[in-house]
Amino acid sequence: MLNTVLLTLSMATPLVLAAMAGYCSERSGVINIGLEGKMLMAACVSALVSVSHGPVLGVLAGILAAVVMSLVHWLATQRFGIDHVISGMSLNAISAGATNFMFTRFSDPDRSGRIGTLPPLFYQACAVIAPVALILYVGKTRGGLWLVASGSDPEKARLAGLQPDRIRLFALVATGLFCGLAGAYLVADTGVFTDNMTAGRGYIALAALILGGWRVGQTALACLAFGFLSSLNLLFQGTQLGGFNLPSEFWTSLPYLATVIALAGFLGKQRTPAGLGKT
Amino acid sequence: MVAFIGMLMLGGISPIEAAQTLISGSLGSPRAISGSLKETTPLLLAGLGVFFALRAGLFNIGIEGQFLLGGFASALVALAVPGPVGLLLAMVAGVVAGALWALPAGWIRAYRNGHEVITTIMLNSVAIALTDFLVAGPVRAANQTGATTATIPTSGRLQALLNSPPWNVNSGLLLGLLLCAAMAWWMKRRVAGYELQAVGANASAAEFAGINVAKVRMNAMLVSGGIGGLGGAIQTLAFEGRFYQGFSPGYGFDSLGVALLAGSNALLVVPMSLLFGVLSKGGTSLLILGVPKGLTNLVAGLVILISATIRYRKAAADA
């Protein structure tokens, strides 16, 4: 029982962090399917820097890498007018390629054992603090109101004297920060960097964000549910459930299927921010 | 290009040597050219699928999933029904499977206003899990240790168009070229083709002009998925001869690049898929030089990002 709870929490941590990253971006009006790539880049950079310069600098470097990727996304979408989806997809491809390249080139093949990292508890604490902080920020401060305004209707926000471009710049920096933490956590949790180690977590976080209707609390709950699903998958792998053996692929597919059903509008009304992807 | 050379230098490989290897590995000999054309075939078909949806203003990222399902379904049918009849049925099965896999995304986009990008991303992951599971369990070949179907006998496969070693070009490529020509003609000369592109250019204007936008979107997604499925079927029937885990090494993503670079002209899908086919074949020979496989991925991503920027700059200059 305790085992399941602990496993669920550790599975949900990167999802919550990445989903909060997606929240900041999408609430400000920037479609972000590049969460996966940012996490992967952060994981790779933090692993490499942790080995050479210690864990604290490793985490900071990971966050910096994700923030830089985020800023490229900002430049591409807000300055160069590139479609948000195209930019996100190419950033994902660039990350997958670059991390594969960097890691095979710069890591030390003779090294074995764990990479020294900050304790996973640090990230888990972040995953608890981040949603609370975001709820307070968006619900109680002027900046939070601006964020939601620029995502709901950038044109009206502009008429009201806001600068959606600038608000999105800050939102995407926050996205990079959370993605950086999520990526660094993956390395802290496993002690190694492996090729494509995010394994779709960025997309699952996006799924949680959609299922949660772009609201912080519900999104975090969806992440917990997905974390619970994957811990069940690990615990019951190969065992019979009531004489019926559910394949692990079924469990991994569930978050994706749930998202498709949610987008079809079968789970309550659509809550996509109105200004998503608009300039 | 600069980034490419920079990365090579960082990796301690001479850029000139790398370029030579890339070109000789992809275009240097009849065998290499045949290999490049083989890589081009799935990219051409999947690229046409993406292109079709793109003209209707839809972003079919789900081509990877449709390609997988198409390849999978065609392998099953070709194994069940032998000979040329089986071959034909297998191709039909591939088209149907691909179209069915695109159906939820098309329906949600057309009638429920949910973003097709998100649904197709999710459906891709489901497609990978589903085919992985089926091919590892229920339909796995009895005498195989790996997760794969049995091998289709040669009589049930697409024959070579030109087979005089070292040359070897499969008729699958010809099918792709014919489809491309047909699509270019259809888009230019048929009312439905015009309507499709009108929806893509400005959906509300098209609606106002009396076009049933939802229906066009739905059909565009189905056709796009069907073409993606056909691509998978041709991959199975022409080259692989079976379906296995890891059937597509990212053709779905590369075909997005193909379609984006082709812009508004269906005929341009051919040279663009050739470009990506050459890159992919040449990338394999770069592996021997010690260049990690991620590099080609990296270059593809950069090419797409940069070309999209250039196109925007041009559009802004015209306005």
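Analyst: Let's start with one packing contact in chain A: A:Glu36, A:Gly37, A:Leu40, A:Met41, A:Cys44 and A:Leu48 of helix H2 meet A:Leu91, A:Asn92, A:Ile94, A:Ser95, A:Ala96, A:Ala98, A:Thr99, A:Met102, A:Phe103 and A:Phe106 of H4. Here, contact means C-beta atoms, placed from the backbone, within 7 Å. Sorted by class, the residues of this H2(A)–H4(A) contact are eleven nonpolar, four polar and one charged. The nonpolar class is Ala, Val, Leu, Ile, Met, Phe, Trp, Tyr, Cys and Pro, the charged one Asp, Glu, Lys and Arg, and the others, Gly among them, are polar.

A quick word on ground rules. The model is predicted, so local features need pLDDT of at least 70 and side-chain atom pairs count only at pLDDT 80 or more, while totals for chains, interfaces and linings use all residues. Residues are numbered from 1 along each chain as its sequence is written, with chains lettered from A and ligands numbered from 1 in the order in which they are written.

Back to the geometry. The axes of H2(A) and H4(A) (residues 84-106) come within 8 Å and cross at roughly 15 degrees, and the pair is therefore roughly parallel. Helices are DSSP runs (H or I, at least four residues; strands are E, at least two), numbered from the N terminus. Axes are lines fitted to C-alpha atoms, for helices over the stretch in contact, with angles from 0 to 180 degrees between N-to-C directions. Under 35 degrees counts as roughly parallel, over 145 as roughly antiparallel, 65 to 115 as roughly perpendicular, and the rest as oblique. H2(A) and H4(A) cross in a left-handed way (near helix turned anticlockwise from the far one by less than a right angle; clockwise is right-handed).

Next partner: H3(A), residues 55-79. Its axis comes within 7 Å of that of H2(A), at a crossing angle of roughly 150 degrees, which makes the two roughly antiparallel. This crossing is right-handed. On the H2(A) side you'll find A:Gly37, A:Lys38, A:Met41, A:Ala42, A:Ala43, A:Val45, A:Ser46, A:Val49, A:Ser50 and A:His53, and the H3(A) residues that they meet include A:Pro55, A:Gly58, A:Gly62, A:Ala66 and A:Ser70. The class count for the H2(A)–H3(A) contact is 13 nonpolar, seven polar and one charged.

Then there's H8(A). H2(A), residues 35-53, and H8(A) have axes that come within 7 Å and cross at roughly 55 degrees, so they are oblique to each other. The crossing of H2(A) with H8(A) is right-handed. H2(A) brings residues including A:Leu35, A:Met39, A:Ala43 and A:Ala47 to this contact, and H8(A) brings A:Gly176, A:Cys179, A:Gly183 and A:Val187, among others. Twelve nonpolar, four polar and one charged residues make up the H2(A)–H8(A) contact.

Leaving out residues up to four places away in sequence, A:Ala43 touches A:Gly62, A:Gly183, A:Ala184, A:Leu186, A:Val187, A:Phe193, A:Met197 and A:Thr198. A:Ala43 is also among the residues with the most contacts inside the largest nonpolar core, along with A:Leu17, A:Ala18, A:Phe178, A:Ala208 and B:Val269; that core has 194 residues. H8(A) gives the largest share of this core, 14 residues. A nonpolar core joins buried Ala, Val, Leu, Ile, Met, Phe, Trp, Tyr and Cys residues through C-beta atoms within 7 Å.

A:Ala199 isn't a glycine, yet its phi is positive, about 45 degrees. Most residues other than glycine have a negative phi. A:Ala199 counts as partly exposed because it has 13 C-beta neighbours inside 10 Å (20 or more is buried, 12 or fewer exposed, in between partly exposed).

Finally, the neighbouring chain: 37 residues of chain A and 38 of chain B make the contact between them. H5, H6, H11 (251-262) and H13 (294-318) of chain B each supply at least two residues to its side, which by class has 26 nonpolar, nine polar and three charged residues.

Key. Contact = placed C-beta atoms within 7 Å.
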